[in-house]
Amino acid sequence: MKLPRLKHYKWWLRIASYSFFLIAGQAVATLLGRLYFDQGGNSKWMATFVQSAGFPILLPLLVFFSPLLRSTASTPLNTSSTKLPPLSTLAFLYFAFGLMLTGGNLMYSYGLSYLPVSTYSLLCATQLAFNALFSFFFNSQKFTPFILNSLVLLTISASLLAVNTNSENMTGIPKGKYVIGFLCTLGASATFSLNLSLVQLSFQKVIKTETFSAVLDMQIYPSFVATCGCVVGLFASGEWKILRNEMENYGKGRVSYMMTLIWTSLTWQISQTAMLGLIFEVSSLFSNVISTLAYPVVPILAVMFFHDKMDGVKVMALVLAVWGLLSYIYQHYLDDSKSKVNKTSDNEASGAGAVIEVC
């Protein structure tokens, strides 16, 4: 009895660790991204580049965990086959996810540059609603009353921010840019959620290998593709020409400019790797729930560090977003409790059957 309980505790420890690094990394990365634009940064492609360019820090981990991929200790998601998919299939998956990552990150950059960070973070919470929709079609996720309640609350929260345009323009953001930022953030949230659902589907149907090495592969190779795409975009757009001038005129100095970009890159990699860990430990929906926990925290920090305006409409949007998030978490708690009851019943039934057979 002690071994299964110890295994269960270790599983929760992994979940807690992934969750902490996901929330902390995402909150810090978002604030640093806003700092880049506030202090004189203006390159959307550079802001997109740093969201994926930190993947080399994961290479030592990939080397360390690679032998696990070839060992018999690897636990497949589908026990009927432990054979890895063809290299061409994996290359296609990594390339496709890399392109999606590039597009989503670019839209996030436009949203973060054109919106107050508090509004941006609250809009990002809608990715939970998008993920529920995509999980319904791709991951057999069922809609329950609590999930539907959460979707409605998150939709209302985003709608309140949409009609709050005039209030936001008092901060000096042109209405046209506000609308572009609003739409880009929603588009990025939808793209991100679709990516998560397809990643989970890939783990279940194609990769079929539940190892940390597989998670690292899914982070490193699409990030490499996304980084290459950003380099192409940086030169094709001509933004590379303004980078030197941008660094020289950065509000907090050249060293701060470089440190902002470096730490933004590192914190994004930490949060994204933790998110992938949650995907194969639980599900893409759960990882998105934990990711959304950072969004109510960011607006509060934005008021403290960036002096964002927190009016009544935005406070109401924040309350509705938190309420919708808690509704999602409670549904996962119910699912987890039900799963434990079913496992206990199955164990008792198998034990009773064994006793009868012995008799």
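The model is predicted. The chain holds 15 helices and 0 strands. Of its 359 residues, 49% are buried. Among contacts between residues at least 6 apart in sequence, 86% join residues at least 24 apart.

**Nonpolar cores**

- The largest nonpolar core has 46 residues, and Tyr36, Met46, Tyr257 and Tyr328 touch the most other members.
- Helix α1 (residues 2–38) gives the most to this core, contributing 6 residues.
- Methionine 46 is in contact with Tyr36, Leu234, Glu239, Leu243 and Leu261, when its neighbours within four places in sequence are left aside.

**Helix α5**

- Helix α5 spans residues 117–124, and it is largely enclosed by the rest of the structure because 8 of its 8 residues are buried.
- The buried residues of α5 are Val117, Ser118, Thr119, Tyr120, Ser121, Leu122, Leu123 and Cys124.

**Helix α6**

- Helix α6 (residues 127–138) has 12 residues, and the distance from its first C-alpha to its last is 16 Å, close to the 16 Å expected at 1.5 Å a residue.
- Gln127, Leu128, Ala129, Asn131, Ala132, Phe134 and Ser135 are the buried residues of this helix.
- Alanine 132, located in α6, has a relative accessible area of 0% and is therefore buried.
- The C-alpha atom of alanine 132 is separated by 9.7 Å from that of leucine 194, although the two residues are 62 residues apart along the chain.
- Serine 140 follows α6 and has a positive phi, near 60°.

**Aromatic pairs and a charge over a ring**

- The whole structure contains 13 aromatic pairs.
- One of them joins phenylalanine 55 and phenylalanine 224 in an edge-to-face arrangement, with 5.9 Å centre to centre and 80° between the planes.
- This pair links distant parts of the chain, 169 residues apart: phenylalanine 55 lies in the loop between α2 (44–49) and α3 (59–70), and phenylalanine 224 lies in helix α10 (residues 212–236).
- Phenylalanine 55 counts as buried because its relative accessibility is 11%, whereas phenylalanine 224, at 44%, counts as partly exposed.
- Phenylalanine 136 and phenylalanine 137 also form an edge-to-face aromatic pair, with 5.3 Å centre to centre and 80° between the planes.
- Phenylalanine 136 is partly exposed at 40% relative accessibility, while phenylalanine 137 has a relative accessible area of 59% and is exposed.
- Tyr36, Phe37, Tyr250 and Tyr257 make up one aromatic cluster; Tyr36 and Tyr257 are also among the residues that touch the most other members of the largest nonpolar core.
- Lysine 44 places its charged end over the ring of tyrosine 110, at 5.5 Å from the ring centre.

**Glutamine 272**

- Glutamine 272 belongs to helix α12 (residues 254–281).
- The relative accessibility of glutamine 272 is 13%, so this residue counts as buried.
- The side chains of glutamine 272 and glutamine 219 are joined by a polar contact of 3.1 Å.
- Apart from neighbours within four places in sequence, glutamine 272 is in contact with Gln51 and Gln219.

**Valine 206**

- Valine 206 is part of helix α9 (residues 175–207).
- With a relative accessibility of 27%, valine 206 counts as partly exposed.
- Not counting residues up to four places away in sequence, valine 206 touches Pro85, Thr89, Leu93 and Leu201.
- Valine 206 and leucine 90 are 8.6 Å apart in space, C-alpha to C-alpha, and 116 residues apart in sequence.

Conventions: Residues numbered from 1 in each chain as written. Predicted model: local features only at pLDDT ≥ 70, side-chain atom pairs only at ≥ 80, totals over all residues. Heavy atoms only, no water. Helix = DSSP H or I, 4+ residues; strand = E, 2+ residues; numbered from the N terminus. Buried < 20%, exposed > 50% of the residue type's maximum accessible area, 1.4 Å probe, protein only. Polar contact = N/O pair within 3.5 Å; in protein donor to acceptor, adjacent residues only side chain to side chain. Contact = heavy atoms within 4.5 Å. Phe/Tyr/Trp six-rings, centres within 6.5 Å; stacked < 30°, edge-to-face > 60°. Lys NZ or Arg CZ within 6 Å of the ring centre and 35° of its normal. Expected span 1.5 Å × (residues − 1). Core = buried A, V, L, I, M, F, W, Y, C linked by side-chain atoms within 4.5 Å.
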